Amino acid sequence: MSDCHGCSAATATLPPPPQIDAKQRIVAIIGPPNSGKSTLFNRLTGLRQKVANFPGVTVEHRMGRVRLDPGREVFVVDLPGIYSLNPRTEDERVTHDVLLGEMKGLPRPEAVLLILDSTNLSRHLVLAAPVLSLGLPTLVILNMADDLARRGGNANVADLSEQLGTPVAMVSATKGEGIEKVFQFLDGATAVHRRKPPLMELPVIQDIPQCRKWAAKVGQQSKYRAPAPPLWTRRLDSIFLHPVGGPLVFLLLVVAVFQIIFAAGKPLQDLLQPAIDGSGKWVGSFLSNESFRSLIVSGIWSGVGNVLLFLPQILLLSFFIGVLEDSGYLARAALISDRTMARFGLQGKSFIPLLSAYACAVPAIMATRTIENKRDRIATILIAPLMTCSARLPVYLLVIAAFIPDRPLIPYVLGARTAAMLGLYLLGLLAALATARLLKSTILKSSRSSFMLEMPPYRWPTVASLGLRLLDRSRVFLMRAGTVILGVAIGIWALTYLPPSSHGEIGTSFAGRIGHAIEPAIRPLGFNWKIGIGLITSLAARETIVSTLGTIYGVEGGDEHSASLQQALHLDLTPGGAVALLVFFAFAMQCMSTVAVVRRETSGWKWPAVQFAYMTGLAYVCAFLANRLLSHWA
Amino acid sequence: MQLAVASMTLQGTELAYLRIGFWGKMQTGVRKRVRDREHAAAHNLMELQRGEHGILDRIDLPEDDARRLMELGFLPGHTVTPAHSAPGGDPRVFRVDGTEIALRRETARKMILRQKASRVP
């Protein structure tokens, strides 16, 4: 929000009427879910927008600048989708508070853009009654005008405007038709604006049945003709929700998305890797001071670079989730997977985030925003990092290659190494589901019947909204997680490089000393101080342990395929310790990006702290048990 | 005979119905099942078959859930038509007030219909 103050200050140099521009002018966009609110917001603001949280609540809102003709501009705030203004849920309370000017840090909006789905006007008009009662200048926007016309419906803008006593505009936000009416209103709304008394008086008691009756009357008086049912949606649903075909299409889609992410993500990473390494070396060549060069190149550049490597996968995943969500299929996927998820106390909307977590927990946790039930959402966030993310792969590959012989377990079908890898994936999944069950039957208990999901009609996703989504995701990932990673990267560099007397020898550095110091604590797991250092450096990101171990064992250019690193590890670690290490990595929350994103999504340190403690505790106990059992048998 | 007199002396028809209900319970199991099928059939959303529809009477759920359902269009007097469902029949999609809403079985069971389901004309 402070940024927005900055923006308005910057435009104050232009010569508009001073009386109006002296303060920040805000217009609120509100509307029910699936009314096309975000599409309209994107239409109005383009790239001049940012996501922000209100103080003290998890509800997110977007702020954006709309340029008006003579160099003037107005801020629009995109509020959460709501069905009524009764301050019952957090979303509704936030909207209520903002509209009444009771939200801290945000002046009362001067006007309201109320966006409704014109194909379902009688139901959506229910929200108009409480909003119009507020007395703010309001433009009622009937969205999806193209859909309404195509399906043979009709809404009379002039009649409706008279009934409601406020301007009405027909708009197709996806195509941009009629959008100029919104700009005209914004232009006028900031000047003096008077509303005519409505022909249809607003209901006195504003409960839902009364508002619905009022809406029906308004629709009738303004000669609204409801459109025919969406034929294509029904046709598609008879395929996508077919008792046999539906789950089949669902599985095929899931497999295809993952195949593409793994098949395309890895080459993209391989393309980025030399660019990051090369640019690091290039920057390093300008720095003569050795300590400073080490900080910049091996501390910051490779630390932050390691995280940047995940960006292609995150963007690919966001793209596919975007297509699924915007097209309306995501609601069907949630429906199909609901029963299975319910067994573990979760619901259908948790499925896609958990699936995404196989690539990376960060976009998965961001994807939980589609879950409205707060307890279900937190439970999903808490278990997502237990799914086997791609950052665990290098560690698994290294340890498995070092300790498990490459021989077939079932000839021609299953190799011992593949079986070990599959076992680790299964271990993560089982831990996640068991944890979900535990959480949902204790601290996050909620009534099971709270799953109510609207099935929106199928729509073509637009390039603009997909593009904006990808930009938004990359911005969030780079800015928020990036700042934390930068700090941690510098911290870990300092630990491994300092004190100066260690001369870059990791064994005598602070990290080495910590490794020695925690050795008694990790000895029961079968780890020595070298693994201890690896555990510390991998706090930033799991795969860091591979390069750290490479440095400790003095292997040049150590990666997970390096035979000498495998050999060194094989000699230094017992089989029990090796399995314990795998188990530890399967459960521990060694990923600062995840901690940062959980903090952001839950608006506080409570849940990331609980999660970190739980996962580390689970990792320690299970690794201990694994080591004991194997040492006992071996 | 005695029962008929007793019910006539009661003023509200509801009370009379209660008496008959009580009487019904005292009959054999077979008669009870017949009566249940006549009066309780298609009395909640779960019992609607494809091609049938019903008119919603009330929602027997805690206020928060009932409110949310009403916001989604499940208002008394509105026509509800069952549509597709997830594999296994749960959750199921219902058409109401120009939209489609998926509900779990235990929610749909608490939504009581006003009149017997009938074929869509």
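1. In chain A, Met144 occupies the loop that runs between strand E6 (138-143) and helix H7 (145-150). Helices (H or I, at least four residues) and strands (E, at least two) are DSSP runs, numbered from the N terminus. A:Met144 is not a glycine, yet its phi is positive, at about 60 degrees. A:Met144 counts as buried because it has 29 C-beta neighbours inside 10 Å; the term requires 20 or more other C-beta atoms within 10 Å of the residue's own, whereas 12 or fewer makes a residue exposed and a count in between partly exposed, with C-beta atoms placed from the backbone.

2. The model is predicted: local features need pLDDT of at least 70, side-chain atom pairs count only at pLDDT 80 or more, and totals for chains, interfaces and linings use all residues. Residues are numbered from 1 along each chain as its sequence is written, while chains are lettered from A and ligands numbered from 1 in the order in which they are written.

3. Chain A has a mean pLDDT (the predictor's confidence in each residue, from 0 to 100) of 82, and 88% of its residues reach 70 or more. Over residues 1-22 of chain A, however, pLDDT stays under 50.

4. In chain B, Pro91 lies in the loop between strand E2 (79-85) and strand E3 (92-96). The peptide bond joining B:Asp90 and B:Pro91 is cis, with omega about -5 degrees.

5. B:Asp97 belongs to the loop between E3 and strand E4 (99-103) of chain B. Its phi is positive, near 50 degrees, in a residue other than glycine. B:Asp97 is partly exposed, with 18 other C-beta atoms within 10 Å.

Note on methods:
Contact = placed C-beta atoms within 7 Å.
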